[in-house]
Amino acid sequence: MRLLLACCLWLITFAVPAATIERVEPGNWWVGMQHNRVELLVHGNGIGTATPRLVHAGVSIAGVHRTDNPNYLFVTVQLAGDAAPGVFDIEFVEAGKVVATHPWRLDAREPGSAQRRGFDARDAIYLVTPDRFANGDPSNDSVAGMAEAADRADPNGRHGGDIAGIRKHLDYIAGMGFTQLWPMPLLENNQPRHSYHGYAITDLYRTDPRLGSNEDVRALSREAQARGVGLVMDVVLNHIGSHHWWMRDLPAKDWISNRATFTPTNHRRTSIQDPHAAPADRQAFTDGWFVDTMPDLNQRNPQLARYLIQNTLWWIEYAGLSGIREDTFGYADAGFLGDWAKAVLTEYPDFAMVGEEWSTNPAVVAHWQRGNRNASGHVPHMPAMMDFPVHVALRNALVQPEGWESGWIGLYEMLANDFLYPDPGALVVFAENHDTPRLLAHVDGDLALWKLGMACLATVRGTPQFYYGSEVLLRGPKQRNDGLLRADMPGGWTGDAVDAFGGNGLSTAQREARAYTRALFDWRKRTPLLHTGKLTHFAPVDGVYVYFRHAGPGSVMVALNKSGRPATLALDRFEAFLQGHGAREALTGKPVALGKALELPAKSATLLEIL
């Protein structure tokens, strides 16, 4: 009896239960990065009481942080510049006993990784909704364990498009004159409804298996680069999906804003810059949830902030990205946004990033661009922003009657606000995107007005972004309806009667639009004046808006006639650019005589190279 009691006491005193490690994120890093102190998120039942240790050349544990949740441990790993690549175990110890181990990997970097060039005004971006572009692998349309199965008949459901489909049509994208590919988010969205769009991410280190795998993303990037096309990743820092694995066991009580309880944002984005704004309004904007299925992340939590920064760096390095488009930019904590962008540019000085600030006020958009001196004291590091002010002004100009304060004058005066931006040439301009009715619907199907809008998009300052399918006149509803405006690309599915890629079944108008898009962006790609030339515009007169892109003796002349009648454009007003020069049509190369006037067809864009 005494012996049995002694054994029981020994077991109670010395036995240590094994811990289970479910995740270590990130699962690897690279030798030689500026970010050489990597904080690992370790998740597992009771792991928070353990002490980590490891043995590997050039690698050491620099710190451990525990939260109010005993199922998490944050381990900071210090990497020396001469650390040896390889796989090694991290051990977790309690009372002198190893209770769990987990492998971790250190990799060598790709040569020249830190010097990668991001996109700029030399590029043109092709935006796709991956689920709606092309179905290259029907076997992954519905995947066991994923909440939403494919249903192509549902405009708001999953249709089966995937990374394999995008890879299949990279030659088409490059052949249309585009040099950057921006897919909407590719990461796991294991939500029960509306998961196709990708913005309710449920695992920040995993590609959605209905789209492909992490390795497929890397292959997409490499194959695109081989065709002169960079890969731009859509990053979401503001929120996650309500079915993210964190929501079942939060890393800390303050990980999600408003105590993890749905409280909607007030969307009052001006409160960030407004010197008169009530602090409660600013907090309601940044800390409110976008919708109830997208919990708002609290980036003021230092562990979460580092997690998000490292996640971005990891994807850039892993997938060989050339750029990032950051979603709902201003909704996140301003201090964090500065730290995040600065960390990315410290690692990749020539990298490209563009933020989404959906405001028609250029002062609000300019607040976030690198180099802006803000009265609020915020120091931004974002190189570029989406140019929503010009986006709206262009769309209005195409449909409004010409008047003293309407029509082209709205675009003319919006561009006059470029003095507010530290670098207006870095902005990304667009006529439509995945959140707006398509331009063709906006102009009520008027192909001539659509071509005017696209000509402006390709020739105005900044980097143009084009939305897939518009080249074959995908239209959708005039009022916003996301599932319908993000329609399937014709020819992306076996059995489609119309094939946008090969041209089979296209109408005459579709063929005209596709040919015009290809000619326009191919010309833009090989015309440096449209990349870096200065923009000089002339006040619109009688429905005609004229501007020049110029540098040195050469220039490009753009004359946009919105009128339903031909116009005779007197050229004496533009003498400084035209006198003594010849000209040719930009898209055909046909010589053009520059006399006293130029005849402009009705509803047309006249694009001339001034020689």
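The lining of the largest pocket divides into 10 nonpolar, 12 polar and 10 charged residues. Here Ala, Val, Leu, Ile, Met, Phe, Trp, Tyr, Cys and Pro count as nonpolar, Asp, Glu, Lys and Arg as charged, and the others, Gly among them, as polar. This is a predicted model, where local features need pLDDT of at least 70, side-chain atom pairs count only at pLDDT 80 or more, and totals for chains, interfaces and linings use all residues. Residues are numbered from 1 along each chain as its sequence is written, and side-chain values use heavy atoms, with hydrogens and water left out.

The volume of the largest pocket is about 630 Å³. It has 32 lining residues, and H197, F290, M294, R480 and D482 are the closest to its centre. A pocket is an open set of points on a 1 Å grid over the protein atoms alone where a 1.4 Å probe fits, with protein on both sides within 12 Å along at least five of seven lines; lining residues have an atom within 4 Å of a point. Volume is the space filled by probe spheres set on the points, which are joined across faces, edges and corners.

Next, the second largest pocket, at about 460 Å³. Of its 25 lining residues, E110, R116, Q225, A319 and G320 are the closest to the centre. By class, that lining has seven nonpolar, 10 polar and eight charged residues. β8 (97-107), α5 (214-225) and α7 (302-319) each supply at least two residues of this lining, and α5 gives the most, with four. Helices (H or I, at least four residues) and strands (E, at least two) are DSSP runs, numbered from the N terminus.
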